[in-house]
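Here is a short briefing on one structure. Look at the sequence and the model first, then read on.

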Amino acid sequence: MDERLSALGLANPVADPTAVRTRADRVPTLSGTVVGLLDNHKDNADILLTRIGEILKAEYGVKDTIMRQKFLPSMVAEPRVLDEFAQTCDVVVASIADCGSCTSCLVHDGLELEDRGIATAALCTPVFLNSFELHAKYEGREDYEPVMVDTISTKSSEEIADLAAAIVPSIVAVLTKADG
Amino acid sequence: MTSDVSARSATAPSDMTEILYESGWSDGLPLVPPYVERVQEFVEASGRSAEDSLGSMPPNNGDVTIEKIATNAVMAGCLPQHMPAVVASVEASLDPRFNLRALLATTHPSATMVMINGPASEDLGFTGGSSAMGPGNRANATVGRALQLVFRNVGGSLPGVTDKATLGNPAKYSFCFAENEAESPWAPFHVEQGFAPEDNAVTVYAAEGPHNLTNQVPREPMSFLKGIASLMANLGSNQIYSMGDHFVALAPEHAAVIAAARWKKSDIQHYLFEHARLRMGDVMLGGWFGERTERYTLWPKWVDHTDPEASLPVCREPGDIKVVVVGGPGKHSAYLPGLGSRCITRAFVPAS
């Protein structure tokens, strides 16, 4: 707290963040890996993830993909879903931070997976980047950067496919880039 | 903590007001200075120690200690005797079923409504009578505000950054009232939730705010409740998608008409569950997923998601519709739409 405030005899109403998180190791390559796809139930997230999975298999040698769905974008993922990903997948792609509550929950889900040792690329729209960044900082992972993508809720399947193709290189970079 | 009395006395009240604004602790309204001595009084009134923790609060995972709650309650303008209710409100909001993480981050405008029940309500200064949801009562205004300040300063909820509400909601400044138990024909809400009549309790609900129901000629329950049902079933509702609890606040005069026909609360809930319905074909026009009805996984399984003529309820069962009695004379009741999470009730023991 500001020294001037404590000198006036004021108590501090603010609590500091307490979370301690760990950064998961990245994989050397996606070739031969199993990729988890976390559909947070946001509009068209399933269509975007499906196309991302197809591209990863066709162009990056991914062996398989596993899609799981949350009940609501505004709820954190059930631990059993995260545990399943941790047991069966090498990395995860999580879509999409495109509202306030879903951004908070998606950051939390991504960092829960990172704590479980699974590198996780979380997708975020520009409008919610400031929220994503502060949530990551609150969670003790200021370094946790999203993969940026335009909003998909009102786009056609063809437009979403184009967006998927455009962001896959960024997803691959997030999941494979050297530690540190 | 140390205090410098000379520095404090040399600070003009107007300067202190500005200092507190500059601190970043304010909701936009002036704050009462949280002097350490005053905070200690509030801690003592809670009946707990300053270091006692209720856990961590999202989104910043701040440690929710009694001292932090007391500091924010002082700033909100509470009295020491309000502390047990404030602490219980914070505790209720931390229940996972309330989904505070979503509430504090969502683009939806829901705020945290606090309702007070129990025999101590009046002694503590709360009102459930005329203008219960409006201004003019210190206990109502400051206890609701204290909870919001805890969200800001302990939870790190910052409008425009982590609180991404598109429009926001005036209820996010404060939204607290008592149930009008004296004029309710039914058991108090907290008793329905399993608490004893002699208990005191708070209930939190993620509410948009009161949507008025005017009926100046209520003659019998069905025609009156049809109006409430029409407010509950609308195409803009967040709860088409998220379901969850709903909240209905009946004016005493309206409640009396229903009770005179020997209706129980459960009768009201069943009627509203049956009549607050949406036509599936209309829901397909908008909502969250439009025609992609397979994405609405929270809808009851017994509703045919593919039939445009199917009748969609706004919640999963009658008990999800919470009904209370609030307000003074007049024929205006209210439906309070919600975020789609659960009401949570917690007991509190008034300060001795």
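In what order do the 4 strands of the open sheet in chain B stand? The order is β4-β3-β5-β12, and the pairing is mixed. This is a predicted model: local features need pLDDT of at least 70, side-chain atom pairs count only at pLDDT 80 or more, and totals for chains, interfaces and linings use all residues. Residues are numbered from 1 along each chain as its sequence is written, chains are lettered from A and ligands numbered from 1 in the order in which they are written, and side-chain values use heavy atoms, with hydrogens and water left out.

**The sheet of chain B**

- Helices (H or I, at least four residues) and strands (E, at least two) are DSSP runs, numbered from the N terminus.
- Two strands pair if DSSP finds at least two bridges between them.
- β4 (176–178) and β12 (344–348) of chain B each have a single partner strand, so one side of each is left without a neighbour in the sheet.
- From one strand to the next, the twist averages 25°. Axes are lines fitted to C-alpha atoms, for helices over the stretch in contact, and angles run from 0 to 180 degrees between N-to-C directions.
- Strands β3 (residues 111–117) and β5 (residues 200–207) of chain B run antiparallel, joined by 7 bridges.
- B:A111 has B:A207 in β5(B) as its bridge partner.

**Helices across the sheet**

- Helix α5 (residues 83–93) of chain B lies across β3, β5 and β12 of chain B, at about 150° to β12(B).
- Helix α7 (residues 138–153) of chain B lies across β3 and β4 of chain B, at about 140° to β4(B).

**Where chain B meets chain A**

- In contact (heavy atoms within 4.5 Å) are 50 residues of chain B and 46 residues of chain A.
- The two chains bury about 3700 Å² between them, 57% of it on carbon and sulfur atoms. Buried area is the accessible area (1.4 Å probe) that two parts lose on being put together, summed over both.

**Salt bridges**

- A salt bridge is a side-chain nitrogen of Lys or Arg within 4 Å of a carboxyl oxygen of Asp or Glu.
- Between chain B and chain A the count is 5 salt bridges.
- A:D46 and B:R295 meet in a salt bridge through their side chains (3.7 Å, N to O).
- Over all chains, the count comes to 33 salt bridges.
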